[in-house]
Amino acid sequence: MNWQTLVQSLFGDAHTIERKGDVLSGTAQLPGQQGQILAVVGTTDHAPIGVETALAQAKVILDTVQKHPGRAILLLVDTQGQRLRHRDELLCINRYMAHMGCCVDLARRSGHRVIALVYDQALSGGFITSGLMADTCHALPEAEIRVMRLPAMSRVTKISEDVLEALSLSNPVFAPGVENYVAMGGIASLWRGDLQSGLLAALADGNITDQRAVLGAERGGRKLSNAVTQRVLAA
Amino acid sequence: MMAPDRIWNTQAQSRARRLARAAEALGKSGIGLRGKQVAADDTVKLLTAVLECGDRVCLEGNNQKQADFLARALTQLDPAQVHDLHMVQSVLALPEHLDLFENGIASKLDFSFSGPQSARLAKMVSAGRIQIGAIHTYLELFARYFVDLTPRISLVCAQAADAQGNLFTGPNTEDTPAIVEATAFKGGIVIAQVNEMLDHLPRVDIPGDWVNFVILAPKPNVIEPLFTRDPAQISEIQVLMAMMAIKGLYAEYGVQRLNHGIGFDTAAIELLLPTYAESLGLKGKICQHWALNPHPALIPAIEAGWVQSIHSFGSELGMENYVSARSDVFFTGADGSLRSNRAMSQAAGHYACDMFIGSTLQIDLNGHSSTATAGRIAGFGGAPNMGADARGRRHASPAWLKAGAQARQGRGGVHAMPRGQKLVVQIVETFREHMQPAFVETLDAWKLAEQAKMEIPPVMIYGDDVTHILTEEGIANLLLCRTDEEREQAIRGVAGYTPVGLARDKRMVENLRDRGIIRRAEDLGIDKRQATRSLLAARNMRDLVRASGGLYNPPKRFRNW
Amino acid sequence: MEHLKFDFAGEHAPQNFKAILVGVVGSGNLEVLMEPGADPAHCTISITTSARGFGPIWEAVAQNFHSQHQLAGVAISINDMGATPAVVSLRLDQAAASLSFTAGPAL
Amino acid sequence: MKLSFSELSARERVAHLLDAGSFTEILGPAERVVSPHLAQLGVPFSFDDGVVIGNGTLWGSKVLIAAQEGEFMGGGVGEVHGAKLVGILRRAVSTRPAAVLVLAESGGVRLHEANAGLIAVSEVMRALLDVRAAGIPVVMLIGGANGCFGGMGLIARCADHIVMSDAARMSMSGPEVIESSHGVEEYDSRDRSLVWRTTGGKHRFLMGDCDRLVEDDMGAFRAAAAALLGDSKALTLEGLLAEHAMLAKRIECFGDCHDALEIWQRLGVEHAEQVTDMESDQMQNLLSDNAMEAA
């Protein structure tokens, strides 16, 4: 879904969201909640997350924390992952991306509800420090989430594509696909049809702890994670 | 009876004709010929003018430096005008070396080594695109330059030239003197590509009157750091084998003059000299004189005062400053830089060394060893010159005498005459990468000989030259074996868990061990648990730089810090 | 991948030892975990290896190790990523070297 | 006698970093908490899934520790590996050690269990930030030859402190990945000197991306870690605003640089071309206090 359509179906015309480069930002009025304002930040066009993109998003979040205490934040995710450039590496791109992640974390800790929505695609590094740092991350059913496509994975791991293909039917752990991320708890829910109700439900959920491993175990997609963590705590 | 009208200087006349054609062709270009210097853009024109169909051409392809610009120019000739060249060159390293045959410019090849091009060469031979005369050792090929493979045109490579055509080859002289001498004095034409033109050369490696044309190449020649081994990649098993080599062979025979192969196994030995060998009190007793390229791995031993002299086949990238600063050890010119010479160093390695130790890919039950594998025609370069007993040797040394005595002990007849023998050691792990056994019933060389229709299987080191086989399981001393059966069991007895090793006669192997023909680490008093990487005098490239006091400047691909 | 298991009757039981791990599951390397075994008279060696078809070699390596050390009451577990027999033997020896015996062979 | 950090296994590093004999492992190899996914793909697992965690003391102070094994799956974070990291961090919030020490050596997410790894990296980040919020310092010690990349590079930059050796690297994408997507002119992965100049400890130290640069020596890492015990840096709005301003300024000052050498020159390092061959002790006072201002 393109971002304009998305924003339209979430907020109608009640928003100021604009695109600058690959970065989206603005505010929107929550549907049916007279007067309640939401900060929106994200990327579009499968943006590669470079140092500037990470910083631009971090700025929106910091501004929101600074000027609008408590205002909920919606992260819109569409990224091809981190920008693969020598210059970004030279400037320590991981510091920029981590900064973005820390800003999201600060917002949550300061009482901002942070919801993320993968509306197109979310790949590896670009996703970790945005959507995956939110209170909960959601996705559209047609969104694509992955680290690597199977042919590329087959080349790197030297495991045949057929084997990977067959296994991906039973094990959600490595194959691309938004359902796999739902099963593993990384995606809290898929927003189908009425996107507004998806958003409202996500905002209404008051839990602020990281429940993804628990969810992954409940849904059967990630059976070990929570159990292992609990064993470490109990040791 | 002598034919009265026979002309006795056809070669000189031919040379004169060719030079006249060159002068005319280059004259027309408008740039012309300035002294001996030809503009790079006129290279194809020059080659077209001096070459004739069927000429024997030596294209300087060395182990390390490459006359790459001239190689490229040669591939650009029109095969309608120039074809059926007979290429003679020691190493086929560049794709252009084979493009020549694909383009129909050359048809016959005599060479020594084709490492990176070996698979393509094999394909082209089986497709009938190349006719191979023979695969030689370096020294053997150089020898034939002076007998029946004398080049008509030689295309060589130097660091710099002056207006008179004098050449400065820098540290990597390698094959150049052998090639130029054979060509210049037998009616041939020598064309050199150089990296710079200078008014005054730092030193003259090739006199100008042996050189006909000089071309300033647009880019410096290709050169490969082939002898740099990152100590970080040396395994504990290689450390163990190095300990066994030092204690069981170097100390045992008092080896003072030697040549090392280029693998990690021998790099491990070099790095154990200032540590493990020092702890055994061997300093001054072994390893003082070498025929060897400037191996960075030898820096710690040199710095610790182990080494008196090193003569080199070629140089090694990054070792320039170090070599210059250690002229007591290396052969250097008045300018301070290394003077290498492959022909001389091969002769030195063959006649003046008491030991060669190097690795291989396969060893059979007779001790024949080969790096030949099916589908690749690679040749062996210099290893067979190093790894062969010098039958013409007449001077004695303790190591040589001891090896000879062991080989002759208790034998009569022709073997009763006192005589020494070179120690030729094959050092291999029983399994290579991907669990390929190093010990086999039949060498792949046989299959390759059949595939490529060779007259003899390509054997790198013949079994009757091999004196010892060293694996992680132990050392087999073949000098002491008296029957083919003993020899076979001695080899099986160090072949570990390979099928060859598993098929050993255990009782006989134990018997050989009792007789000292097979010696395990524990028989040598080596505690395997001591075999850790902490014994290495340098554990990474940076340690080598540190050991050199900052004089060693490794190529950037090795600088991981 | 292949799983192999060998079981030998041995003589020397190490005294109250805790699990010992040597080596790393990395390319051409392996980890050897040595633990008290269920059967005080036997030494078991269980192997998981990335390479298929080397059963006879593993058996020979295991047998050789056992004939040298004659361990009993020991369970050895190996995860292997294509180590050569030389490396396998070295790791087994390293693990055995850290055992202590009140009575038994000097290692 | 010096003991190289990069030469040791994760388990050996832990033993030599902490006070002798003080380490108690949690979920050690004998417990066989292994990855079920690797076997399905025909790859051998490791009994500790490539990460050693537990508690011990450093100069007498209680610490929690985690060490990744770079040789196993490149230190890649999978489901169990990640859960062990999350567990040790959460444990810190309840047991309040003087620090959590993370000996990171990892290429990031383990591809064989990529989805789980990706989620796990973010879980580790959140758990780590919880530890910081509790006022307990998290110290990253990066000294392995494989460096600290991808998701682990992100995690590292969330910690209070980073200690590196110049044998180590820290960044996001591997040079091979960048080369294969944008060509060798963009980033020549075989030019190790370039790779280290771009992502190695020295550059990171000069840029302030790691706090301490030490020799490739266990003793040096141990001393550096000990000096940081109890030194917690709270993550505040003010702090992040300052970080933000610094990062923006960095792009302004150096965004047009094509090589680390240019950056070092702009930072006012004399004989910048000699930096790569300097030892870590020669690196300590190369910059004036306001080097970035000057640049």
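## Chain A on its own

In chain A, buried residues make up 57% of the 235 residues. A residue counts as buried if 20 or more other C-beta atoms lie within 10 Å of its own, as exposed if 12 or fewer do, and as partly exposed in between, with C-beta atoms placed from the backbone. Before going on, note that this is a predicted model: local features need pLDDT of at least 70, side-chain atom pairs count only at pLDDT 80 or more, and totals for chains, interfaces and linings use all residues. Residues are numbered from 1 along each chain as its sequence is written, while chains are lettered from A and ligands numbered from 1 in the order in which they are written.

Chain A has eleven helices and nine strands; these are DSSP runs, numbered from the N terminus, with helices being H or I of at least four residues and strands E of at least two. Its radius of gyration is 18 Å, close to the 18 Å that the globule rule gives for 235 residues, so chain A is as compact as a globular protein of that length. (That radius is taken over C-alpha atoms, and the rule is 2.2 Å times the number of residues to the power 0.38.) Along the principal axes, the C-alpha atoms of chain A fill a box of roughly 55 × 40 × 40 Å.

## Who touches whom

Two residues are in contact if their C-beta atoms, placed from the backbone, lie within 7 Å. Of the four pairs of chains that touch, A and D have the most contacts between them. That contact takes 69 residues from chain D and 62 residues from chain A. On the chain D side, α4(D) gives the most, with 13 residues. By class, this side of chain D has 39 nonpolar, 17 polar and 13 charged residues. Here Ala, Val, Leu, Ile, Met, Phe, Trp, Tyr, Cys and Pro count as nonpolar, Asp, Glu, Lys and Arg as charged, and the others, Gly among them, as polar.

Chains C and B meet too, with 13 residues of chain C in contact with twelve residues of chain B. The largest share of the chain C side, seven residues, comes from α2(C). Chain A doesn't touch chain B, and their nearest C-alpha atoms are 15 Å apart. Chain A doesn't touch chain C either, with nearest C-alpha atoms 12 Å apart.

## A helix in chain B

Helix α8 of chain B covers residues 236-253, and at 1.5 Å a residue its 18 residues should span 26 Å; the end C-alpha atoms are 25 Å apart, which agrees. The expected span is 1.5 Å times one less than the number of residues. There is a bend of about 30° at B:Ile246, that is, the angle between axes fitted to the seven residues ending there and the seven starting there. Most of α8(B) is covered, as 16 of its 18 residues are buried. After the helix comes B:Gly254, with a positive phi near 65°.

## An exposed residue in chain D

Is D:Glu238 buried or exposed? D:Glu238 is exposed, with 9 other C-beta atoms within 10 Å. This residue sits in helix α10 of chain D. D:Glu238 and D:Thr198 are 40 residues apart in sequence and, C-alpha to C-alpha, 29 Å apart in space.
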